[in-house]
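Here is a short report on selected parts of one protein model. Look at the strands first, then at the helices.

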Amino acid sequence: MLFEVWAPDADSVDLWLAGTRRAMARDDERAGWWTVEAEASDGDRYGFVLNGDGNGAGDGNGAGGDRDRKGAGDGAGRVRVLPDPRSRRQPDGPDGASAVVDHSAYAWRNAWAGRGLPGAVLYELHIGTFTPEGTFDAAAARLGHLTALGVTHVSLMPVCPFPGTRGWGYDGVAPWAVHEPYGGPVGLKRFVDVAHGLGLAVVLDVVYNHLGPSGNHLPAFGPYFTDTHHTPWGAAVNLDAPGSDEVRAYLLGSALAWLRDYRLDGLRLDAVHALADSRALTFLEELSAATDLLSAELGRPLPLIAESDRCDPRTTTPRESGGIGLHAQWNDDFHHALHTALTGESQGYYADFAAAPLAAVAKTVTSGFFHNGTYSAFRGRTHGRPVDIARTPAHRFVGYAQTHDQIGNRAQGDRLAATLSPGLLACAAALVLTGPFTPMLFMGEEWGARTPWQYFTDHTDPALAEAVRTGRRREFAAHGWAADDVPDPQDPATRDRSCLDWSEPDREPHARLLAWYRQLIALRGALPDLADPDLASVHTAFDERARWLAYRRGDLRIAVNLDGRAATIPLGDGRRGGDTGRVVAAWEPVEAPGSDGLLRLPPESCVVLADD
């Protein structure tokens, strides 16, 4: 097989394969590339030696450690072996040797035509805490719960290798490989295969704006990073400085490999606003074009979903209309407005929404963004850009009440269920699942999980582990938290507390809430008005003081009462052709509006009404 690596500044490169070294030759047609042919099989360990490096240090069990030099010199030297930047497998972790992966060896069991975003319901899932086992196989065994729930897409949090066993995944350092403790490449394929067999699409969260602080060997090979820009994680990934053509190709190859080799159905792109890229043709546009080509080749939809805090509709505007061409983006504005309406919180970025939270919710469900050229007190400047609602389908926005970020970045990782009543949780579900955006749930939300989802790590570098621990406590101390009240990210118990409790869905009050989520998701699939992508057709009414909000979607009207007192909501005469309408779904018993057009909604409850 052909082994190849881009190492433009190296004077020599050797392949280390199963204990034997072979000199690699420069590729005359590709500047900076080195190649060699060698026989190898699935699972064989290998790596690269740059410039005859004999000064490695370590335990000898992985790349970056000392290894006996064989096949070159006198066999008595020591050599530093680095993992392949394009490694498909790191069986001993990010600092270990790479392993050959034969993707053709896996026998896929389920044919799959794909599933697009219009009409989708996403479910964000972290493999390491979805089950106590924290593996792909254990998660796959629970996918029947998701089909019964009615969701259409599993949105996996990152699965690339990172140091240790436990972590969120955003400190990954090998963007072509799969975290071995989860089950490695074959484990991911089995998970996707099972999901497809159940009719579930699988989207993967990928991180291209930075790599983790430990186990990142890319700088040894070439200019993968640049000091031209700085990010919250340090030097930026090199998307526009000298050498950036190859770095872009490296990231594009990673993205397409997930979609092709693992049959994934789309990618969620982490924090695209942190991609420092000054080139006329941006990396995201290149990725969009390459993904669309692969989609056409494979004959199935491959949506790209951005996380972006810019509130910029150009992110999802088609390339032919002058946009970047991604297919959807997370809508934090909707989350923030909904969160403040439910909780009354006003700290940090919630301050922009807290003065009139129901007005903010109403604005987002009719305009896309709350910040569409408005002043943001949190940022101290004007923020966002208006959405052309006549040309932008609502399914390009992903709406949610909870995500891994919005839970896990709280001091104690507390979910909404920790403080809100089941009735308010039901109202949140109604606004997400009957709203115009593509809905997304965070695992366990559907039954009001009481387990927290806390920030946890497993850094193997003691200095880094201590820096993370003290840094997080210092951050929350500034907001009044005592150090002992902030969970230690390195403590294994922090991860264990974050695992879902699968006994909860079968008992109250969780079972009732789960049934409500199932009912709303079923309605979304059955009633065309709930899948209407026209933002301009959404009409709202609300009362901030009485804490109720209602909106119309076609022949449907949805009303929520967030107050602890019953609400009387004027909905008009409620009649078309003499009908008074009917209750389609309700959290508490409620009657349809009478001839006076007044809906009398119990405290902390919600209803879906249809015009007969």
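## A covered strand

Strand 21, residues 438-442, is mostly covered, with five of its five residues buried. Keep in mind that this is a predicted model.

Which residues of strand 21 lie on each side? Thr438, Met440 and Phe442 are on one face. Pro439 and Leu441 are on the other. Both faces are covered, and every one of these residues is buried. In a regular strand, side chains alternate between the two faces of the sheet.

## The partners of strand 21

Strand 21 runs parallel to strand 10, residues 122-125, and three bridges join the two. Look for Leu122: its bridge partner in strand 21 is Met440.

Strand 20, residues 397-399, also pairs with strand 21. This pairing is parallel too, over two bridges. Here Val398 stands opposite Thr438 of strand 21.

Now move to another part of the chain. Five strands form an open sheet in the order 22-23-24-28-26, and their pairing is antiparallel. Which strands sit at the edges? They are strand 22 (539-543) and strand 26 (582-586), and each pairs on one side only. On average, neighbouring strands of this sheet are turned by 20° against each other, direction ignored.

Inside the order, strand 23 (residues 548-553) pairs with strand 24 (residues 556-561). Six bridges link them in the antiparallel sense.

## Two helices side by side

Helix 11 (residues 422-433) packs with helix 14 (residues 510-526). Their axes are 10 Å apart, and the angle is about 15°. Why is helix 11 called roughly parallel to helix 14? Angles under 35 degrees count as roughly parallel, so the angle of about 15° puts helix 11 in that class. The crossing of helix 11 past helix 14 is right-handed.

Which residues make the contact? Helix 11 brings Pro422, Leu425, Ala426, Ala429, Ala430, Val432 and Leu433. Helix 14 brings Leu513, Trp516, Tyr517, Leu520, Ile521 and Arg524. By class, the contact of helix 11 with helix 14 has twelve nonpolar residues, one charged residue and no polar ones.

How values were computed:
Residues are numbered from 1 along each chain as its sequence is written. This is a predicted model: local features need pLDDT of at least 70, side-chain atom pairs count only at pLDDT 80 or more; totals for chains, interfaces and linings use all residues. Side-chain values use heavy atoms; hydrogens and water are left out. Buried means under 20% relative accessible area, exposed over 50%, partly exposed in between (1.4 Å probe, protein chains only). Helices (H or I, at least four residues) and strands (E, at least two) are DSSP runs, numbered from the N terminus. Two strands pair if DSSP finds at least two bridges between them. Axes are lines fitted to C-alpha atoms, for helices over the stretch in contact, and angles run from 0 to 180 degrees between N-to-C directions. Angles under 35 degrees count as roughly parallel, over 145 as roughly antiparallel, 65 to 115 as roughly perpendicular and the rest as oblique. A crossing is left-handed if the near helix is turned anticlockwise from the far one by less than a right angle, and right-handed if clockwise. Contact means heavy atoms within 4.5 Å. Ala, Val, Leu, Ile, Met, Phe, Trp, Tyr, Cys and Pro count as nonpolar, Asp, Glu, Lys and Arg as charged, and the others, Gly among them, as polar.
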